[in-house]
Amino acid sequence: MGNSITSLFKIQHPIIQAGMIWCSGWELASSVSNAGGLGIIGSGSMYPEVLDEQIAKCKVVTSKPFAVNLPMLYPDIDKHIETIIKYKVPIVFTSAGNPKTWTKHLQDHGIVVVHVVSSVKFALKAEAAGVDAIVAEGFEAGGHNGRDETTTLCLIPMVADAIKIPLIAAGGIGTGRTMLSAMILGADAVQVGSRFVASNESSAHINFKNSVVEAKEGDTQLTLKEITPVRLIKNPFYNKLSDAYEQGANTDELKALLGRGRAKKGMFEGDLIEGELEIGQISGLINEIKPAADIVQEILSEYNMALKEFSTDKYNF
Ligand code: NDP
C-alpha cells in the first residue's frame, strides 16, 4: 500500500513535518522520520557548520529517509548544498526562490527535489523547472507565505488540477480531519508545521511552545507584505508593526523596525515581547506539547476514524 508520495520518499505515512527556522533540528526531524513520516531539518536559521552537525546527528539516530529545507534566499546556499551532497541527504525541499537555479544540480546527485509554492502560477513554474513534487501552502500557514492570501481550501484543488506531479498540501493542517480534507481536495500528502512546533523534540524555546498552545482563533496575522509576508502571533512586537502601519510607515521604516534576528529572539530565545513568533492559524487547535511520534500517531488515527465516518450512510447522499 502507498501512494505517489510515500513511494517517492520511501516512507510509511504521507505526513511531512515542515522545515521551520529555529524549530526543526535533528531531534524533531529524526523523531518524525522514525515514526514513519518524513522529518525535515530547517536549514534557513543554521550557519553552514551548524547544518553539517545537525545532519550528522540525524544520521546517527535514524536510518529512515529525512530531508533538508533550503530557503533559496539563504546567504550561504552554496555551502549548505555542498553539505547536503556530502551527507547524501536523499530529499531537499526548496523554498522562497526560483526552483530552476538548483533543481538539476541536486537531482544530478540523486536527490529528490520538492519546491514550496503558494499559487498555481508558481506550481506550474516549479513543475516546468523539473522538480519531483510540489508543496502548495495556503494562507493559513505560519511563517513566510504568499501575497495572494489563497486559502488551502481553494489552492489545493486548483494546483491539483494544474499539475501532473505529486502534490503535498500545507497550511492549516495539523489534525487527522484537516489531513483528510486536504487529501480529498487532491493532495497526495500533507505538510504539518505548527503542530510539530509544540512537540517535545522541537528546538523552539519553551515560552514559544507555550504561546502556541495558548493561541486561540484570531491570534495570528499575516503581515509585512512589503518585505516578506509572514504570519505571526499578535504579540507586542506585532502591535508595534501595526502602529507603524497606522502611521503610514514606508518599507524602509518597516525594515528598520523589523531589524535583524527577530525570529531567533522570539522562537529560539523565547522573548515573547520583542520577538517574531511565526505560527499558523491551526495553533488555535493545538492544546498540548507532546512527543513528535505521538503527534504522527494521533493525526493518523484521527484521519482513519474520519475516513470511516465518511464511509457511513450518514454522508451518503
Ligand atoms: P534575519 O536576517 O533577521 O536574521 C538572520 C538570522 O539567521 C540570524 O538570527 C542568524 O543567526 C541566522 N543565520 C544563520 N545562518 C546565517 C548566515 N549564513 N548568515 C547570516 N545569518 C545567518 O533573518 P530571519 O531570522 O527572518 O530568517 C533567517 C533565515 O531563514 C533567512 O535568511 C532565510 O534564509 C530563512 N527563512 C526562510 C523562510 C522560508 O523558506 N519560507 C522563512 C523565514 C526565514 P545569528 O543571530 O546567530 O547570527
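Q: In this predicted model, how much area do domain 1 and domain 2 bury between them?
A: Carbon and sulfur atoms account for 57% of the buried area. The total buried between domain 1 and domain 2 is about 1,500 Å².

Q: Which residues of domain 1 lose the most area to domain 2?
A: Three residues lead on the domain 1 side. Together they make up 37% of what that side buries. They are Trp-22, His-144 and Arg-147.

Q: How many residues does each domain bring to the contact, and how far apart are the C-alpha centres?
A: The domain assignment gives domain 1 as 4-204 + 291-315 and domain 2 as 215-281. Domain 1 supplies 18 residues to the contact and domain 2 supplies 16. The C-alpha centres of the two domains lie apart by 24 Å.

Q: Is helix 2 roughly parallel or roughly antiparallel to helix 3?
A: Helix 2 spans residues 26-34 and helix 3 spans residues 48-61. Their axes come within 9 Å and cross at roughly 30°. Angles under 35 degrees count as roughly parallel. Therefore helix 2 and helix 3 are roughly parallel.

Q: Is the crossing of helix 2 and helix 3 left-handed or right-handed?
A: The axes of the two helices cross at roughly 30°. The crossing of helix 2 and helix 3 is right-handed.

Q: Into how many nonpolar, polar and charged residues does the contact of helix 2 with helix 3 divide?
A: Helix 2 contributes Trp-26, Ala-29, Ser-30 and Asn-34. Helix 3 contributes Gln-54, Lys-57, Cys-58 and Val-61. The residues of this contact divide into 4 nonpolar, 3 polar and 1 charged.

Conventions
Residues numbered from 1 in each chain as written. Predicted model: local features only at pLDDT ≥ 70, side-chain atom pairs only at ≥ 80, totals over all residues. Heavy atoms only, no water. Axes fitted to C-alpha atoms, helices over the stretch in contact; angles between N-to-C directions. Helix = DSSP H or I, 4+ residues; strand = E, 2+ residues; numbered from the N terminus. Parallel < 35°, antiparallel > 145°, perpendicular 65-115°, else oblique. Left-handed = near helix turned anticlockwise from the far one by under 90°. Contact = heavy atoms within 4.5 Å. Nonpolar A, V, L, I, M, F, W, Y, C, P; charged D, E, K, R; others polar. Domains from an automatic or database assignment. Buried area = accessible area lost by both parts, 1.4 Å probe.
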